[in-house]
Amino acid sequence: MPIRPENLHRYPRDWPQISARIRFERAGGRCECTGHCGLEHPGGRCPAVHE
């Protein structure tokens with residue numbers, strides 16, 4: 001989801017790089033939810049994978 005123009009001041013200039021590092025390097029392109037969303041996740045971690 002893109003950052004709305006009125007919220008740009010809340011993010012560091014290198015936010016796209018930070019976000020990509022977290023989403024793809026740390027999380028491996030997978031959802032990091034372990035059930036705190038209220039849904040059951042057999043095996044512990046949400047099975048959703050980024051496209």
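Student: Hi! How many residues does helix 1 have, and how far does helix 1 reach from its first C-alpha to its last?
Tutor: Helix 1 has twelve residues and reaches 15 Å, close to the 16 Å expected at 1.5 Å a residue. The expected span is 1.5 Å times one less than the number of residues. Helices here are DSSP runs (H or I, at least four residues), numbered from the N terminus. This is a predicted model, where local features need pLDDT of at least 70, side-chain atom pairs count only at pLDDT 80 or more, and totals for chains, interfaces and linings use all residues. Residues are numbered from 1 along each chain as its sequence is written, and side-chain values use heavy atoms, with hydrogens and water left out.

Student: What happens just after helix 1?
Tutor: There, Gly28 takes a positive phi of about 65°.

Student: Switching to cysteines: how many disulfides does a search find?
Tutor: The search of the whole structure finds zero disulfides, where a disulfide is a pair of cysteine sulfur atoms within 2.5 Å.

Student: How do Cys31 and Cys33 count for accessibility?
Tutor: Cys31 counts as partly exposed because its relative accessibility is 30%, while Cys33 counts as buried at 8%.

Student: Which residues is His41 in contact with?
Tutor: Leaving aside neighbours within four places in sequence, His41 is in contact with Cys33, Thr34, Gly35, Cys46 and Pro47. Contact means heavy atoms within 4.5 Å. His41 lies in the segment after helix 1 (15-26), and at 13% relative accessibility His41 counts as buried.

Student: Last one: which residues line the largest pocket?
Tutor: The lining is Met1, Pro2, Ile3, Arg4, Asn7, Tyr11, Trp15, Ser19 and Arg23. A pocket is an open set of points on a 1 Å grid over the protein atoms alone where a 1.4 Å probe fits, with protein on both sides within 12 Å along at least five of seven lines; lining residues have an atom within 4 Å of a point.

Methods
Helices (H or I, at least four residues) and strands (E, at least two) are DSSP runs, numbered from the N terminus. Buried means under 20% relative accessible area, exposed over 50%, partly exposed in between (1.4 Å probe, protein chains only).
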